[in-house]
Amino acid sequence: MSGTPPRVVVTGGIGSGKSLVCSLLGALGTAVIDADSLGHAVLRPDGEAFAQVTARWPQAVSGGRIDRSALGRIVFSDPGQLAELMEMTHPHIRARLFREVDRYPDRPVTVEISAPSDLVMPDWPVLVVDADPGTVRTRLRERGMSDGDIRRRLDSQRSRQEWLELADLVISNRLDRDALAEEVKRAARELGVLSH
């Protein structure tokens, strides 16, 4: 055994409650890294993928910046273009992610990520946050998304069954917050994040 503290991937569909589960894990002492925020960083004007993405999708540029909503509307309705975007951004996001993880050599790390892929190590356990489709749609409407945007985003990602098949552990986010906190604590113990 190397002695490296656990590195855990928290993922699930949009609106499933990944951020809440990560905040609960953070309260238990893990360092939390949001891979999506690293993805945003590589698309900023000083980001590593900015020039390539703006050259490919100039219609998503507004005021010298990438309008991520406009870019999302384009790529989430076309799997080929989504794959192109991932090819341009993922190497840079992965490099940033591993620099962040390396900052915590003696502490468990939770990585919140929209879709596990080449960004994370294959031996890191995957904790999938699951929520029923009706709850997800309600949450996304509360975020201001239109029904059309919700449909495009849900259609562009894995099905609920595919998410569950990815999981080493599943947390059901249909519980109240206190019950969810207990569920997260149990998962953390099982994953070795909590020793007691």
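Predicted model: local features only at pLDDT ≥ 70, side-chain atom pairs only at ≥ 80, totals over all residues.
User: Why is Gln161 called partly exposed?

Analyst: Gln161 has a relative accessible area of 47%. Buried means under 20% relative accessible area, exposed means over 50%, and partly exposed is in between, with a 1.4 Å probe and protein chains only as the basis. The 47% of Gln161 falls in between, so partly exposed is the label. Gln161 lies in helix α8 (residues 160-166).

Residues are numbered from 1 along each chain as its sequence is written, and side-chain values use heavy atoms, with hydrogens and water left out.

User: What makes Ser172 count as buried?

Analyst: Ser172 has 18% relative accessibility, which is under the 20% limit, so Ser172 counts as buried. The residue sits in strand β7 (residues 169-172). Leaving out residues up to four places away in sequence, Ser172 touches Asp130 and Leu180, where contact means heavy atoms within 4.5 Å.

User: How do you know that Ile33 is buried?

Analyst: The relative accessible area of Ile33 is 4%, and the limit is under 20%, so Ile33 is buried. Beyond its neighbours within four places in sequence, Ile33 is in contact with several residues, including Leu38, Leu97, Val101, Val109 and Val111. Pro122 is 89 residues from Ile33 along the chain, and their C-alpha atoms are separated by 17 Å.

User: Which face of β2 is covered, and which is uncovered?

Analyst: Ile33 is found in strand β2 (residues 31-34). Helices (H or I, at least four residues) and strands (E, at least two) are DSSP runs, numbered from the N terminus. Ala31 and Ile33 form the covered face of β2, while Val32 and Asp34 form the uncovered one. In a regular strand the side chains alternate between the two faces of the sheet.

User: How do you know that β2 and β5 pair?

Analyst: Two strands pair if DSSP finds at least two bridges between them. β2 and β5 have four bridges, in the parallel sense, so they pair. Asp34 stands opposite Glu112 in β5.

User: What makes strand β1 largely enclosed?

Analyst: Five of the five residues of β1 (residues 7-11) are buried, so β1 is largely enclosed by the rest of the structure. Both faces are covered, with Arg7, Val9 and Thr11 on one side and Val8 and Val10 on the other. β1 pairs in the parallel sense with β5 (residues 109-112) over four bridges, and Val8 has Thr110 as its bridge partner there. β1 also pairs in the parallel sense with β6 (residues 126-130) over three bridges, where Val10 stands opposite Leu127.

User: Why is the chain called as compact as a globular protein of its length?

Analyst: The chain has nine helices and seven strands. Its radius of gyration is 17 Å, close to the 16 Å that the globule rule gives for 196 residues, so the chain is as compact as a globular protein of that length. The radius is taken over C-alpha atoms, and the rule is 2.2 Å times the number of residues to the power 0.38. The C-alpha trace spans about 50 × 40 × 25 Å along its principal axes, and 42% of the 196 residues count as buried.
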